[in-house]
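Hi,

Here is the structure I promised to pass on. Have a look at it first, then read my notes below.

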Amino acid sequence: MSVISGQAKADDDLLQFERVAPRSSVGDIGAGVVPAVSTQQHAAGASAGSATTPSAVVQSVRESLALPATGPSIDELLVFERLSVVPPQAPDVSTDVAPVNIAAEAGPVSVPSPAMQLAVPAPIPGGTAAAAVIAGKGQVPEAELREMFLHMVDAAAGRSPAVAGALAQYAASKADIAEAKGQRYPQLDISARGLSREFGATAASGTADPSLTLGITTTLFDWGRVRKTIESRSHLADAADSAVQAQLESSAYDVTSNLIELAKQRIVVETSQRYVDRMVELVKMLEGIVAVDSGRVSELTQARARLLQAEASRSTAESKTRDIEINLRRMVGDRPLPSLPGSQYWEMRLPELSWLLGESMHHPTVLQAKASARSADMQADAVRSALRPQVNWVVSKSTGEDIYGRESAWQTGLTLSWSAFRGGSGRASEQAARQRAQAGWMGAEQQVQDLEHRIRAANQDARSLADRADLYRGLVLESDKIRGAFYEQWYHLGRRTLLDVLSSESEHYNNQIGEVSSRFDGYQAVVRQYASAGSLVRWLSAGK
C-alpha cells in the first residue's frame with residue numbers, strides 16, 4: 001500500500017510539475033515555449049489554494065520517485081516543452097489561407113483579451129497558423145494558372161507521339177485529295193516494246209523493231225464520280241484535322257489534370273509532414289514524462305504508433321507525388337516543371353452549363369465523326385457513279401512500223417466504258433458505304449450524348465466538391481480548436497487521456513486532407529468540363 005500511495009503522490013506531484021513551467025510568459029509564446037500558468041495563477045484556479053515554488057515541486061517529485069539529488073536539471077526535464085510553434089506575427093488563417101467568402105461563412109474569429117491570453121494554449125505545430133505560412137496568401141489568380149498550364153501544354157504537344165501521328169494522318173488525307181483531283185486532268189500512259197520475233201506457221205518473217213506507244217485519256221463524263229471522290233476525301237481531311245484537335249485537347253487535359261494532382265499531392269505532403277512533426281513533439285514530451293514517471297510508458301507506445309502511422313501517410317503522399325512527376329516528365333520531357341502555387345485556394349470560376357453544352361456540339365470528336373459520316377456518304381455516291389457508263393476522249397500514237405515499214409499515225413476518238421455486270425459487287429460496295437455513313441452519324445450522336453453526360457456530371461461534381469471543401473474547411477477550424485482544448489486538458493489539467501489527444505490530432509489531419517482533396521478534385525472537375533466541351537485549349541489560351 002505504501003508503494004501505491006507513493007506512486008499516487010508522484011502522479012499528483014508530476015501533474016503539478018506539468019502545470020508549472022519556469023520562464024513562462026506571454027513573450028515565451030513567440031519564443032517557441034508552451035505557455036504554462038504561473039504558480040499564483042494555478043493556485044487561484046485550482047482547488048488547492050497553497051502556492052508552491054517550482055523548486056519545491058521538483059524536489060517533491062524526486063523524493064517521491066526516489067531520484068538522486070544530482071538528477072537532471074529543470075531545463076533538461078522541460079526540454080520536451082519547447083515546441084517549434086509559429087511566431088506571433090504569423091497571419092491568422094481565416095484571413096490568410098481561406099478566401100474572403102469562405103472566411104465569412106466560417107464566422108468571426110474571437111480574439112482573446114490580454115487577460116485571457118495566459119490561459120489560451122500556444123499554437124500547436126501543424127495547426128492552421130502554420131498552414132497559413134506554407135499555403136500562402138489569398139487566392140491564386142486564374143490568369144496565372146492558365147499561363148502556367150498553357151506553358152506545359154505547349155511543351156507536351158510538341159513531343160506527343162499521338163499528336164504527331166494525328167498530324168501525319170492529316171497530311172496523308174491532304175495528299176489523298178490531291179490524288180483525287182489529279183484524275184480530272186488528262187491521263188498520259190507510255191508503254192515501250194523491245195525487239196520481238198514471231199513463231200508458228202503463220203508467223204511473218206523478220207523481227208519487229210522496238211516501238212514506243214503514247215496514250216492520252218481524258219474523262220469527259222463520269223456522272224460526277226471524280227467530283228464526289230474529291231468531296232469524300234475532303235471530308236476525310238476535315239475528320240483528320242478534327243482528330244488533331246482532339247489529340248491536342250486530350251494532351252492538354254492530361255497535362256493540366258496531372259499538374260493539379262501534383263499540386264494537391266505536394267500540399268498533402270506538407271500537411272502530412274506537419275502531422276509527423278506534431279507526433280514527434282508528442283513523443284518527445286512523453287519521453288521526458290516517462291523519464292520521471294515510468295508508469296506512463298503505455299502513452300508513449302500509443303504516441304509512437306501514431307507517429308508511425310503519420311510517417312506512413314507521408315510516405316504514401318510522397319510516392320504519389322513522385323509517380324505524377326514521372327508521368328509529367330514522360331509528357332513534357334526535360335523541360336523543368338513549373339513552380340506550382342503553395343496555396344490550395346485557386347480562382348477557377350465555374351463555367352456556365354448552357355454554354356458548355358452548346359460548345360460540346362463543336363467538340364473535335366463530334367466534328368470528326370460527322371466528317372467521317374459525310375465522307376462515307378459521298379463515297380457511296382462515287383461508287384454508284386462508277387457503275388454507270390463513262391465517256392472518255394482518247395489520243396494515242398505508236399512509233400512502231402508495220403510490215404511495209406510505215407509508221408502509224410496519230411489516233412483520236414471517243415470511247416465508252418461501262419461495267420455492266422460485276423456479279424453484284426458494285427451494288428454491295430455502295431450499300432456498304434451507306435451503312436458506314438449511317439454508323440458514322442450514329443457515332444456522332446452517341447458522342448454528343450456522352451459529352452453532355454460528362455459535362456453535366458463534371459459540373460455537378462465541381463459544385464458538390466466545392467461545397468464539401470467548404471464544409472471540411474469548417475471542420476478544420478473546429479477540429480483545430482478541439483485538439484487545442486484536448487491538449488490543454490491532458491497536458492495541464494489531466495482531464496483527458498492521451499488517446500483523446502491523439503484522436504483529435506488524427507481527426508484534424510484527416511479533415512485537412514479531406515479539404516485539400518475535395519478542393520483540388522473540384523478544380524479537376526472544372527478542367528474536365530472544359531475538356532468535355534472541347535474548349536480547354538481555348539480557355540487556356542484566353543487573353544493570348
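Helix α9 (residues 142–158) packs against helix α11 (residues 225–292) at an angle of about 130°, and their axes are 9 Å apart. Helices here are DSSP runs of H or I with at least four residues, numbered from the N terminus. Axes are lines fitted to C-alpha atoms over the stretch in contact, with angles from 0 to 180 degrees between N-to-C directions. So α9 and α11 are oblique to each other, a word for whatever is left once you take out under 35 degrees (roughly parallel), over 145 (roughly antiparallel) and 65 to 115 (roughly perpendicular).

Who meets whom? On the α9 side there are F149, M152, V153, A156 and A157, and on the α11 side L248, S251, A252, V255, T256, L259 and I260; contact means heavy atoms within 4.5 Å.

Now for R146, which lies in α9. R146 counts as buried because its relative accessibility is 13% (buried is under 20% relative accessible area, with a 1.4 Å probe and protein chains only). Its side chain makes a polar contact with the side chain of E142 at 2.7 Å (a pair of N or O atoms within 3.5 Å, one able to donate a hydrogen and the other to accept it). Leaving out residues up to four places away in sequence, R146 touches W539, L540 and A542.

Two notes on reading this: it's a predicted model, where local features need pLDDT of at least 70 and side-chain atom pairs 80 or more, while totals for chains, interfaces and linings use all residues. Residues are numbered from 1 along each chain as its sequence is written, and side-chain values use heavy atoms, without hydrogens and water.

Cheers

Technical notes:
Helix = DSSP H or I, 4+ residues; strand = E, 2+ residues; numbered from the N terminus. Buried < 20%, exposed > 50% of the residue type's maximum accessible area, 1.4 Å probe, protein only.
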